Amino acid sequence: MLYTVLCYNKEDVVWSWSKEEDDAVMAKLSVVHERLVKEGKLGPSLRLLPTTAATTLRGPGLVIDGPFAETKEQLLGFYVIDVENLDAALAVTKDLSAANPTSTYEVRPIALYVPDARPNAPKEAIKVY
Amino acid sequence: MSDLGWIHGAITAARPQAVGALLRYFRDMDRAEEAFQDACQRALKSWPQKGPPRDPTAWLILVGRNAALDGVRKQSRTTELPPDEQISDLGDAESELAERLDGSHYRDDVLRLLFICCHPDLQPSQQIALALRIVSGLSVAQIARAFLVSEAAMEQRITRAKQRIAKADVPFEAPGAAERAERLAAVAAMIYLLFNEGYSAGNDASRAPLCDEAIRLARLLLRLFQTEPEIMGLAALMLLQQSRLSARFDANGEAILLDDQDRSRWDGKLINEGLALLDKAVRHNRPGPYQIQAAIAAIHGRAASAHETDWAGIEALYLVLERMQPSPVITLNRAVAIAKLHGPEAALELIAPLEQPLSGYFHFFGARGSFLLQLGRNKEARADFDRAIALANTPAEAAHIRHHLDRLMAPSSNA
């Protein structure tokens, strides 16, 4: 079974960590990461930039600065896309939004991306349900 | 991270909102600050045992307000603090009250705090000192160290600033749209000044935190004004400049020019955040000086090596900036791009009229000296470098110019 593990915290606290504090947390985490890599359990993992860098699409036409801020909806899925800049990212997102107009899409740049670390990472989509 | 580290981080992050809310209750900066200090002392006692409250900011506001209202503060010099259960078991009351009291006020509280610190009656140096003390929570000693003045002098500067504000009769209502825009520009200017205090200090460790603090304040401002392209531009500009921090100085503390920096030492995370914010800003199609400067910094940030720098793009951006806010310093910067594009002679021609307005400016003589040096006009170059050293603001700046002079003196150079 594939799981995604989502990490939540107060970003004003986390992004105020000094480099030493940040490095210390990352060092502790990397112990866990390395173990998971050895066990062949770690898929792609990533760290996001702060929500101040986010842009949100409500329907294909409405672009809003800032993160998705409602509490009535839940996170249902996410994509990682590799594009030139924000305009290109929004173009992709508009296509997604046109196909699924009731969903809202937050576009947030990634600070750190670690690709799939599993030994025989699947090349094709895995249907899990 | 240790308990104390976590608590320190939570308190620092909660500070602007908590002090802002307490200021709204008490309408007195000193009382608000004291109430917050009280709450922090109780947090340091209570949180390690009880664990962190669900909403540290709400906890600090409530405890600070209650402590001050009960007059506990006055007696606390002689009597014990109330039992911990009474102050830390706020439970649901904490989050519910906090929501009711502060949810809708959050933005206005923090803004009021920033606006008060940037009150037009205050000089820029007072604005920065006050913001660092009140919003960032740096100690007077820390601020004094960063500004290279005595603690007593800094204490006096902050006290005077507070007195001025008390006299100015600051309104506690949220400002109207026009005034808000004006004050927002003042806050942005204060933040950038603060950043430059740290940035121009070079590798002086006691001043380096000023840059981080400025970036933190910009992120805070950005959360309050999510759709302001110039605030995005300001944040992007500082992030892109700060990304070069660990490449800017060599082991001896001497400045390394952009061209000679080891770009692998640039902080990719900061660059990406800066580029992302600039992308957001540009979409608004409302260019401003911070965005333009960020765009220039972004060209450097994107160039994989110095010789891949898009100097034509930089020159065009400086030209836009020059038209937006004419200044000999901007023209001088454009001349550097012109020198890369068309050679040092064209640059010299461009800066010829600037000698008088920039006669006290270190970078003018440094730049002109190096243009002359490139043309082999060594004697004139040396004269300019000598003047630059006399005008240097930091030992690192002077050392950098001396480096040029040393090369001039070397026997291989044909003077």
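Mentor: B:Tyr25 has a relative accessible area of 25% and is therefore partly exposed, a class that runs between buried (under 20%) and exposed (over 50%), taken with a 1.4 Å probe on protein chains only. The model is predicted, so local features need pLDDT of at least 70 and side-chain atom pairs pLDDT 80 or more, while totals for chains, interfaces and linings use all residues. Residues are numbered from 1 along each chain as its sequence is written, chains are lettered from A and ligands numbered from 1 in the order in which they are written, and side-chain values use heavy atoms, without hydrogens and water.

Over all chains there are six aromatic pairs, meaning rings of Phe, Tyr or Trp (its six-membered ring) with centres within 6.5 Å, called stacked if the planes are under 30 degrees apart, edge-to-face if over 60 and tilted otherwise. B:Tyr25 and B:Phe26 form an edge-to-face pair, with 6.5 Å from centre to centre and 75 degrees between the planes. B:Tyr192 and B:Tyr290 are also edge-to-face, because their planes stand at 80 degrees, with the centres 5.8 Å apart. That pair joins distant parts of the chain: B:Tyr192 lies in helix H11 (residues 177-200) and B:Tyr290 in helix H15 (residues 289-302) of chain B, 98 residues apart. Helices here are DSSP runs (H or I, at least four residues), numbered from the N terminus. Both B:Tyr192 and B:Tyr290 are buried, and together with B:Phe195 and B:Tyr199 they make up one aromatic cluster.

Now the place where the chains meet. Chain B puts 22 residues into the contact and chain A 29, contact being heavy atoms within 4.5 Å. The two chains bury about 2,200 Å² between them, 56% of it on carbon and sulfur atoms; this is the accessible area (1.4 Å probe) lost on being put together, summed over both. Three salt bridges cross the interface, each a side-chain nitrogen of Lys or Arg within 4 Å of a carboxyl oxygen of Asp or Glu. One of them joins A:Asp87 to B:Arg283, at 3.1 Å from N to O. On chain B's side, the elements giving two or more residues are helices H1 (3-26), H12 (209-224) and H14 (268-282). H14(B) gives the most, with seven residues.
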